[in-house]
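Load the model in your viewer and keep the selection tool at hand. The tour goes stop by stop.

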Amino acid sequence: MKRFFIKDFIFNNGIINFVYFLEELGKEYILTNSYLEIEDDSDDVFYEYLALFLKKNNIVYQTNNDRWYFDETKKEFIKDKKFDTLGGGKNDLRNGIYLYKKIDEFGLSREEAEAKYLSFCEREGLKPEIEKDGKLKVPNKKNEVIVHITLDEATKRFASYLVKDDKLKLDSKIHIFEDGQNSFHDMLKIPKDYTIDKWDALIYWFGGKIGKWYNREYFIYPNSSNLIYLKKFKNYINIQNEAITFRDEKDKVITLPTNIDFYKQLLKDEITNRYFYISRSEEEFLLKLLIYLFSYFYHIEDNYQNASKKRKKRYEELVNVLPYITFVVYKDDGTFKTALTEFSKAYRVLNFLYKLKENNVFSDFIGIITTFSIINNGFFAKEFTNKCLNFLDLREVYFKIAFDILKDDRNSGFRGLDKFENLYLEELKKGEIMSLHSDAKTVGEGIGYICGALDDKDLLFKLRNVKNYKQLISFFKDVKFELLKEENVGVSKEFNEALTRILENIEKNWEVARDYIAIYAVDKYKAVKFAKKGN
């Protein structure tokens with residue numbers, strides 16, 4: 001018997017991925033909340049599992065590029081595809097996959113081998129590889145050539161390279177993140193001579209290499225301290241390891257740097273942004289993943305309308321599982337210790353997204369995120385998405401981005417921001433701010449309309465420079481002065497009433513009022529200018 005107990009997020013993810021692997025092979029196992037148990041832990045079974053894992057998941061694979069090999073049977077150089085490993089390096093290829101043999105094993109002198117190599121290059125139209133001293137690189141300085149092997153042979157060689165003993169050092173061969181970054185050895189201050197069982201190493205490979213979400217250099221792993229819940233969650237999501245591909249207008253196959261099909265899923269919510277997958281921070285990627293998961297959960301019943309009661313029961317189980325699931329976010333930037341965070345508020349975020357959906361604000365929220373992603377190259381997106389994930393006040397972020405929106409020539413306003421912000425303030429239990437927010441929207445839109453009608457941004461820039469409540473009062477006097485100057489530009493009764501209410505509590509809430517007024521003023525100004533262009 002062999003048992004694997006819950007550990008870190010990669011190990012836990014690996015246990016569940018290994019369970020799926022066992023199920024495909026028809027092997028028996030026992031899974032409890034805290035451990036997985038298998039019956040056969042023999043060496044033969046271990047290497048069989050490791051080789052199958054490497055091959056099945058294309059961890060050892062052949063690229064689309066060719067290179068030379070020496071065919072032992074023909075005793076000639078031939079051309080075939082290069083080998084590579086997922087997340088590996090040059091040492092993995094040289095020491096773990098490619099088979100080097102000395103030319104005298106084939107009964108060849110160096111001159112004979114060089115002649116065969118030159119003949120091969122001429123036949124294939126290739127330029128011979130030359131050393132700095134002018135000599136041929138093939139054979140190498142040790143009189144070796146790379147022997148042609150099959151993918152199966154390469155996979156078995158790599159398996160033997162990874163595991164030579166029953167105990168392995170906990171190094172980057174095990175805790176490897178796509179690019180060979182820092183290992184847990186550094187993060188957990190484990191002694192350099194620390195070793196782990198080869199079976200545990202296998203579980204780590206199952207956890208680190210597959211069954212997680214990725215987007216460029218960002219990775220997210222589902223995790224739970226309860227293996228049963230983690231398996232139930234992954235049963236529904238069925239994370240695909242392959243990158244998403246689609247054909248563009250010219251019928252060209254485009255491969256995206258992510259395994260999440262945001263476009264296909266969000267079409268169900270009438271969201272057609274093909275580039276929603278782009279994230280410039282781990283926070284943005286995590287929030288977008290949760291949006292994707294929400295849409296997936298929300299529409300799962302659409303697929304089960306005619307399904308059996310058993311399937312509907314499984315959907316209810318999924319909802320019950322979510323409070324026990326966390327998401328571990330990793331940024332592949334070489335700073336493993338500082339880039340690793342575990343997010344446990346997913347259930348609350350998904351519930352809030354449900355509220356947005358039921359109030360017809362879900363698509364508006366995605367539009368707001370998109371605006372943050374494109375304005376100023378997404379400079380404010382990290383701060384905005386981080387605050388959304390942790391349910392922190394967003395007002396200051398709106399104010400910061402408002403004047404970048406003003407400088408942007410695109411019609412990049414905030415459609416539906418007022419509805420979203422009211423629901424968000426309600427979630428934050430800031431009911432006392434909601435009425436001020438509403439009045440500030442009315443005043444801001446009035447000011448934006450005035451500026452747009454006069455084609456003058458001066459008032460908007462004056463608003464940006466307001467630093468205290470006395471300056472804000474002075475600003476309102478400037479607004480009234482502009483109205484007196486222009487007979488053809490007026491404001492509504494609602495504007496005057498809202499401004500009166502704001503002035504009653506201006507000293508206490510001047511900054512809140514300024515920020516909300518600014519974003520809605522800019523938004524309305526952009527709308528007026530855009531409408532003029534249309535005419």
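Which residues does Phe233 touch, not counting residues up to four places away in sequence? Select Phe233: the list is Trp213, Pro222, Leu293, Phe297, Leu318, Val321, Leu322, Ile325 and Phe327. Contact here means heavy atoms within 4.5 Å.

Before moving on, note the ground rules. This is a predicted model, where local features need pLDDT of at least 70 and side-chain atom pairs count only at pLDDT 80 or more, while totals for chains, interfaces and linings use all residues. Residues are numbered from 1 along each chain as its sequence is written, and side-chain values use heavy atoms, leaving out hydrogens and water.

Next, the core. The largest nonpolar core holds 169 residues. A nonpolar core is a set of buried Ala, Val, Leu, Ile, Met, Phe, Trp, Tyr and Cys residues joined through side-chain atoms within 4.5 Å; buried means under 20% relative accessible area (1.4 Å probe, protein chains only). Phe18, Trp213, Phe233, Phe327 and Phe420 have the most contacts inside this core. Now select 506-534: this is helix 22, which gives the most to the core, with 12 residues. Helices (H or I, at least four residues) and strands (E, at least two) are DSSP runs, numbered from the N terminus.

Then show the open sheet of four strands, order 10-11-14-15, with antiparallel pairing. Two strands pair if DSSP finds at least two bridges between them. Strand 10 (213-215) and strand 15 (341-343) stand at the edges. Each has a single partner strand, so one side of each lacks a neighbour in the sheet.

Zoom in on strand 14 (residues 326-331): three bridges join this strand to strand 15. Phe327 stands opposite Phe343 in strand 15.

Technical notes
Buried means under 20% relative accessible area, exposed over 50%, partly exposed in between (1.4 Å probe, protein chains only).
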